[in-house]
Amino acid sequence: MKILCLFTFLQSFLCIQIQLSKFKVLKSIDAFKLSNYDNVQYYGPIQIGTPNQQLSVIFDTGSPYLWVPSDKCSILQCHYSKRFQTSKSSTYKNFSKSDEVEYASGNCKGFWGSDYVQLLSDGNTRVEAKILFIYQDSGFSELQSDGLLGLSNDKEIDNIFDLAYKKGSIKSNLFAMELKNTNEQSLFYYDEIPNEIMDNVEWVRILRKDYWTVKVLNIYVNEHPIKTGNLKEALIDSGTSLLYLPENVVYKVFEELILKDCRFLESYVFCPCQIPRDKVEDYPKIKVFLEGIILELDINDYMMRDIIYYGLCFIGIQIETQMDLMIFGDIVMRKYVIVFDKENNKIGFKGVEKLNNIKTISFLWVEIIGFGAIIISCIILQMKITKL
Ligand SMILES: *[C@@H]1O[C@H](CO)[C@@H](O)[C@H](O)[C@H]1NC(C)=O
């Protein structure tokens, strides 16, 4: 989870425009609604304990644990939020084992315990889950939710959907996220994923048994391949707001943006907020080649319209420095509906371009022919030189 650091270091000089979002429900599909805070945090309501206490949690595919602040956390020790009243729940258990969890944006300390948890108003998801009850946290002052629901690919740690599936109360442990811009409703699907999504996804293999990471074969900026150094893997992380890419790729994108009408301000790049539709093609297009598919991002995808500075909008691309992994945060997730399949270790992207084999083979032939041509011209040149 890397959302909050953005705010803590940007808030000092950025005018963050909070737009009152009017949620419009566009679909009648039965899905769980997520709240969206300025396109940087996606969270939803859960109920914990007996009787139920309602708290909100970030739905975070980038980490494994469920945590909420407990009543043991004083105003000064935890971020401003609702707290779970342990003494008011008859099913709360305290394992008396303390732990500390670190995130890119902050950390929290708590005692492991368990209690019944469910998504708001869905008793089928009600399971007894392991929860870290927090007594101290730091770095989370901008967190809009109370706690966090970890949904990583960790096979050792069951999330609430794994538990409900094992219990037999839901039909699968698949889940899907449809993250939207602030003017539209963001959705979380589980139990039964609509066919409209399942029939239209392209699946990609997950490399690890703990995190949702995919292999990155190549990155192109405006049709030019860019060297990615030792970064060859990307984390699909709903708990990270921005897009974290290798240095060379970021420099190339920034360079192209500055050649247009964008500006460097306080070492971040800002561009005019309104890009006419016919001008979008003039701005850098990032193509990420994964195994079998291509992700494509243009200025409308990577510009953050809720973060405005001197009338310009923030470009949500950063250099990856901390994790040795590219991070495909909400910027990428807003572009595609993504299905997470823990059992089969794969994720599906809806509406993505397929990387067809013919194209790859023809690329290979172009390379072979090109290489051959160079060798032949070298031989000819050599012959000419020896003739001279
Ligand atoms: C749980 O147990 C520990 C140690 O036994 C205690 O310090 C803590 O206050 C208890 N309750 C909570 C909510 O953490």
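**Strands, then the ligand**

Mentor: Start with a hairpin: E6 and E7 form one, with 4 residues between them. Keep in mind that this is a predicted model.

Trainee: In what sense do E6 and E7 pair, and over how many bridges?

Mentor: The sense is antiparallel, and the pairing runs over 8 bridges.

Trainee: Over how many bridges do E7 and E8 pair?

Mentor: There are 11 bridges between E7 and E8, again in the antiparallel sense. As an example of a bridge, Tyr-116 has Glu-128 in E8 as its partner.

Trainee: Which residue in E7 is the bridge partner of Ile-48?

Mentor: That partner is Val-117. Strand E3, residues 41–48, pairs with strand E7, residues 107–119, in the antiparallel sense over 3 bridges.

Trainee: Now the ligand. Which residues are around the ligand?

Mentor: For a shell, list the residues before sorting them. Around the ligand are Ser-70, Lys-72, Thr-86, Asn-94, Ser-96, Phe-111, Phe-133 and Tyr-135.

Trainee: Which elements give two or more residues to that shell?

Mentor: Strand E6 (93–102) and strand E8 (127–138) do.

Trainee: How many residues of the shell are nonpolar, polar and charged?

Mentor: By class, 3 are nonpolar, 4 are polar and 1 is charged. Tyr counts as nonpolar in this scheme, so Tyr-135 of the shell goes with the nonpolar residues.

Conventions:
Residues numbered from 1 in each chain as written. Predicted model: local features only at pLDDT ≥ 70, side-chain atom pairs only at ≥ 80, totals over all residues. Near = placed C-beta within 6 Å. Pairing = 2+ DSSP bridges.
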